[in-house]
There are 2 protein chains.
Amino acid sequence: MTISLALLGFGNVGRAFARLLLRKRADLAERYGITFRVTGIATGRHGIAIDPDGLDLTRALELVEAGQSLAPLSRKTIPDTGAFLAEVPADVLFENTPVNHETGEPAITHIRTALARGMHAITANKGPVVHAYGELTRLAAEKGRRFLFESTVMDGAPIFSLFREALPGARLLAFRGVLNSTTNLILTRMEAGETFEEAVAYAQSIGIAETDPSADVDGWDAAIKVAALVTVLMGIPLKPQEVEREGIRSITAEKIATARAEGKRWKLVCSARREGEGVLARVRPEKVSPDSPLYGVEGTTSIVQFETDVLGLLSVIEADPGPETTAYGLLADFLNAVRPQSY
Amino acid sequence: MTISLALLGFGNVGRAFARLLLRKRADLAERYGITFRVTGIATGRHGIAIDPDGLDLTRALELVEAGQSLAPLSRKTIPDTGAFLAEVPADVLFENTPVNHETGEPAITHIRTALARGMHAITANKGPVVHAYGELTRLAAEKGRRFLFESTVMDGAPIFSLFREALPGARLLAFRGVLNSTTNLILTRMEAGETFEEAVAYAQSIGIAETDPSADVDGWDAAIKVAALVTVLMGIPLKPQEVEREGIRSITAEKIATARAEGKRWKLVCSARREGEGVLARVRPEKVSPDSPLYGVEGTTSIVQFETDVLGLLSVIEADPGPETTAYGLLADFLNAVRPQSY
């Protein structure tokens, strides 16, 4: 089977995904009998291209990385994203436009349109998960398609698929983790003697923190991840605004030194615990002891610890995240959506 | 759908599984539409019972825990395991007889018989995995059934299902872990000042170590787990005897003190790495630094770190293992074998 793919968003993650598709092309054909073509790419600043016979992905990467437009690759002129979604002949849409934390738009509309047209919809964008999980999942089921989003929490590490596929029958009671790599890197560097401002500047210099670091530093990114995990894994719809939230601006060099003297470390801890029919969900700096697996999590590494009704604490740690690992989450979702069941 | 289950082996793990089935009965019906009856139980020392209409599982637990025979529950007299496997009317066999590290028998024969009769075969027994994985997996595929064994490594924590279901398209290049909880407990207690003999006696007193602790202490249990992971996850058949193996008898109080002074800890490390078409697999004591997630693994907790071609290091940690967590691995395999695909 040859599967037609549409890429909406061609930034760092979208391009890393394109490179991963090229690298894994032979492997997917051999292991799963899956072949694919990319029939459409829509970018924010480098034009839009559609070719039902398949675009030259290598050429598309070259053009965009040289700052040029994709339009010359297109069979016809596509004026905007709406036209792209209406016309692209594809079996799967990969939605990788920038996240809107407050409303999830326009990504929700993109995904709704793709599902309504009978495509699988796969995204690395947290907005649609926290703002429209129920609606989009129901729509996908009606259409016999999948809405998947493994890359939204801990990049490509298997978190949602872990519960969906590998932990059947388990009930998630609570979790606790370090899910924002920017703040963890900042705290790690402050422990090594940098000021908050120096650590933020370093995180910006390596492309981890935004020019305005507040989404990370004030705990919003972490809160959105908590909301996504609670919504999907606990089955309790939760908005980021409903997560108790405190960022790391209050963590001074003095506080870090005091914690060190106690043999502890400050971490921006994400947590949630069922309470009756509801949930207590929060993001806040906590002093962590060496007996916790959170203690040893350095730099951009992330961790989540799950408490279920069937196992002891189960932790997943992901080291060295980046656009490539986020891209793998998209690939895993793609394969889980389309591969023949292996059993 | 009502599924008929046969339990071969009714020791700590088999009984924990029976209790978990009772506890999860309503949940499985509600979440998956799965109902079940246990049509047969064969024990080593408490008789054998078959009832096509379903045995009273609570009563069976009471009888065996009171040291009595199950035979009075049986519709007919079943003389031995062979007759049990030939006659029990079941859709799934749970094979939980004691492991035979050298040959995998008689568990392999039990599983082969069950698959040939058209049952799914699920086991917590490592023997069949390291000695007959290829044959049993092919036989299961021919019969349209599953041969599953999640509980053989890290109890019920998802390891095999992680790669099978949640990491499609990934290639495992190497792994490194602490997979034998008895030796890890012994080393942890020696760090706290106990002698090797005292630590072994403690592990025996809480039912973790056998009367003859050599399977753990000399690294055989760890080597079998390495062989199972390499065989299944790397696709390279490997026998436990082919794993380079060194146990923990050489680790003295002095060595532990020296490591401590260096800020390190001794761990019995299981590892494997692809080398060309082959694999370098070994079990040996190693001094581990605090920058490794293996460092913080205390007591009976276990960890495995996976190196793949698509993600940074991915670690899974399982705390507080026991018969209940092993039982969950059996339940997860059961649900993965029979549940309608959720998507």
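Mentor: We start with a definition: a salt bridge is a side-chain nitrogen of Lys or Arg within 4 Å of a carboxyl oxygen of Asp or Glu. Keep in mind that this is a predicted model.

Trainee: What makes the meeting of Asp309(A) and Arg23(B) a salt bridge?

Mentor: The N to O distance between the side chains of Asp309(A) and Arg23(B) is 3.9 Å. The cut-off is within 4 Å, so a pair at that distance counts as a salt bridge. Across the interface of chain A and chain B, the rule finds 4 salt bridges.

Trainee: How many residues does each chain give to that contact, and what area is buried?

Mentor: Chain A gives 43 residues and chain B gives 43 residues. About 3700 Å² is buried between chain A and chain B, and carbon and sulfur atoms give 55% of that area.

Trainee: Why is an area used for this?

Mentor: The accessible area lost when the parts come together is often given as the size of an interface.

Trainee: Turning to helices, why are α1(A) and α2(A) called roughly antiparallel?

Mentor: Helix α1 (residues 12-32) and helix α2 (residues 57-65) of chain A pack at an angle of about 150°, with their axes 10 Å apart. Angles over 145 degrees count as roughly antiparallel, and therefore α1(A) and α2(A) are roughly antiparallel to each other. The crossing of α1(A) past α2(A) is left-handed.

Trainee: Which residues of α1(A) and α2(A) meet?

Mentor: From α1(A) there are Arg15(A), Ala18(A), Arg19(A), Leu21(A) and Leu22(A), and they meet Leu57(A), Thr58(A), Leu61(A), Val64(A) and Glu65(A) of α2(A). The residues of this contact divide into 6 nonpolar, 1 polar and 3 charged.

Trainee: How do you know that α4(A) and α5(A) are roughly parallel?

Mentor: The axes of α4(A) and α5(A) cross at roughly 5° and come within 10 Å. Angles under 35 degrees count as roughly parallel, and therefore α4(A) and α5(A) are roughly parallel to each other. Among the residues of α4(A) in this contact are Ile108(A), Ile111(A) and Leu115(A), while those of α5(A) include Leu136(A) and Leu139(A). The contact of α4(A) with α5(A) divides into 10 nonpolar, 1 polar and 3 charged residues.

Trainee: What omega goes with the cis peptide bond of Glu105(A) and Pro106(A), and where is Pro106(A) found?

Mentor: For the cis bond joining Glu105(A) and Pro106(A), omega is about 5°. Pro106(A) is found in the loop between β4 (92-95) and α4 (107-116) of chain A. In chain B, a cis peptide bond joins Glu105(B) and Pro106(B), with omega about 5°.

Technical notes: Residues numbered from 1 in each chain as written. Chains lettered and ligands numbered in written order. Predicted model: local features only at pLDDT ≥ 70, side-chain atom pairs only at ≥ 80, totals over all residues. Heavy atoms only, no water. Axes fitted to C-alpha atoms, helices over the stretch in contact; angles between N-to-C directions. Helix = DSSP H or I, 4+ residues; strand = E, 2+ residues; numbered from the N terminus. Parallel < 35°, antiparallel > 145°, perpendicular 65-115°, else oblique. Left-handed = near helix turned anticlockwise from the far one by under 90°. Contact = heavy atoms within 4.5 Å. Nonpolar A, V, L, I, M, F, W, Y, C, P; charged D, E, K, R; others polar. Buried area = accessible area lost by both parts, 1.4 Å probe.
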